[in-house]
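Please open the structure in your viewer and keep the selection tool at hand.

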Amino acid sequence: YLNAGSNVINNIDSYLDIAKSSGVNAIVLDIKDGALAYPSEIAKEYSMTAYNTTINQLDTYKNAVKKIKDAKIYVIGRIVVFNDVHYGKDHPEDCIQSSVSYQLWPSAYSRGAWEYNVELAKEAVELMGFNEIQFDYVRFPEAAYNMSKSSTTDFKNKYNEEKAEAIQNFLFYATDEIHKKNAYLSVDVFGECSGTYVTSYGQYWPAISNVVDVVSSMPYTDHFDRNNSVYWTNPYQTVYKWAKDTAVRQKEIPTPGIARTWITAYDTPYWNPTVVYDASKISDQAQALVDAGLTGGFITWNSASSLYKYNQIKSAFAKDYT
């Protein structure tokens, strides 16, 4: 799988050439990541700020999705959920208030934010025929721990839920609604959330994996400890250790979602030592997942959706890791 941000719609033919020549079987396409990818009637109803800052024309975007589907490639629509300043500007009543951070972040407790993102997802499936919706930023902010310790914080917790409970309840609702449209739901989570503790930002692996169809974790090799280069200079060992622990979590519940993992596909990090993540580094991570027991596939994360990088690593997609 490869990701292609909504800003690359006009180059979709180039991405498809790489996909078809290397055995890629799915493409992740942004619907909402900051700006909306196209003018959505749902956004017009719920968030005019989002509606007024769209990137592409609707027909242009629909044509790109059609090309992907015509190529017999599974198409996934990515929606950044709670990290949404546009919705936040239109609905400050739904946002967390705290002196710890003045970031405009709709609360995961907010049913208004729930409804907007789920309705946006359903509209996208109806309009474009997405096979799957992928929710990202399904969590409270990184500062949630310090926010929780501050008496100045109002999380807008109307129903007195725990953070992990609110995330799970949102995903119960979202999964049910998106399944009604005959599409699957996946959710992106931090690699950390497969630990044995409940994170302060509300992501807890078993509570998510037992609800959604796919869990896409993000064990990016330079995110484990940015002061210790052993992690990003040894991608196989880093991903293998993480995946072994995560495979154990998957066995704790009878109906886990598929673990389809985001892997590092950018040169890392931006300070010494820089490691070029070429095809061999992609293969190392993919093999580590399989060797550890996570056989649900992988998606390559490159925030720039670089055609140069995808051409550099495309041979890794064609390998048989089983």
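Contact, in this tour, means heavy atoms within 4.5 Å. Helices (H or I, at least four residues) and strands (E, at least two) are DSSP runs, numbered from the N terminus. The model is a predicted one, in which local features need pLDDT of at least 70 and side-chain atom pairs count only at pLDDT 80 or more, while totals for chains, interfaces and linings use all residues. Residues are numbered from 1 along each chain as its sequence is written, and side-chain values use heavy atoms, with hydrogens and water left out.

**First stop: H1 and H4**

Select helix H1 (residues 12–22) and helix H4 (residues 58–70), whose axes come within 10 Å and cross at roughly 15°. Axes here are lines fitted to C-alpha atoms, for helices over the stretch in contact, and angles run from 0 to 180 degrees between N-to-C directions. H1 is therefore roughly parallel to H4; angles under 35 degrees count as roughly parallel, over 145 as roughly antiparallel, 65 to 115 as roughly perpendicular and the rest as oblique. Now show the side chains: Ile 12, Asp 13 and Leu 16 of H1 meet Ala 64, Lys 67 and Ile 68 of H4.

**Second stop: H10 and H11**

Next, select helix H10 (residues 235–250) and helix H11 (residues 279–292), which pack at an angle of about 25° with their axes 8 Å apart. This angle makes H10 roughly parallel to H11. Among the residues making the contact are Tyr 236, Tyr 240 and Trp 242 of H10, and Gln 285, Ala 288 and Leu 289 of H11.

**Third stop: the nonpolar cores**

A nonpolar core is a set of buried Ala, Val, Leu, Ile, Met, Phe, Trp, Tyr and Cys residues joined through side-chain atoms within 4.5 Å. Buried means under 20% relative accessible area, exposed over 50%, and partly exposed in between (1.4 Å probe, protein chains only). Which residues have the most contacts inside the largest nonpolar core? Select Tyr 61, Phe 130, Ile 133, Phe 135, Phe 170 and Leu 171, which hold that place in a core of 85 residues. Helix H6 (residues 111–128) supplies the largest share of this core, nine residues. Centre the view on Leu 171: leaving aside neighbours within four places in sequence, Leu 171 is in contact with Val 138, Leu 185, Val 187, Ile 208, Val 211 and Val 212. A second, separate core of nine residues includes Ile 76, Met 218, Tyr 220 and Ile 299.

**Fourth stop: single residues**

Select Ile 27 in strand S2 (residues 26–33). Ile 27 is buried, with a relative accessible area of 0%. Gly 293, in the loop between H11 and strand S10 (298–301), is partly exposed at 45% relative accessible area.

**Last stop: backbone features**

Most residues other than glycine have a negative phi, and most peptide bonds are trans. Asn 160, although not a glycine, has a positive phi of about 55°. Is Asn 160 buried or exposed? Asn 160 is exposed, with a relative accessible area of 68%. Ser 305 also is not a glycine and has a positive phi of about 50°, but Ser 305 counts as buried at 2% relative accessibility.

Finally, select the loop between strand S9 (261–264) and H11, where Pro 269 is found. A cis peptide bond joins Thr 268 and Pro 269, with omega about -20°. Pro 273 lies in the loop between S9 and H11, and a cis peptide bond joins Asn 272 to Pro 273, with omega about -10°.
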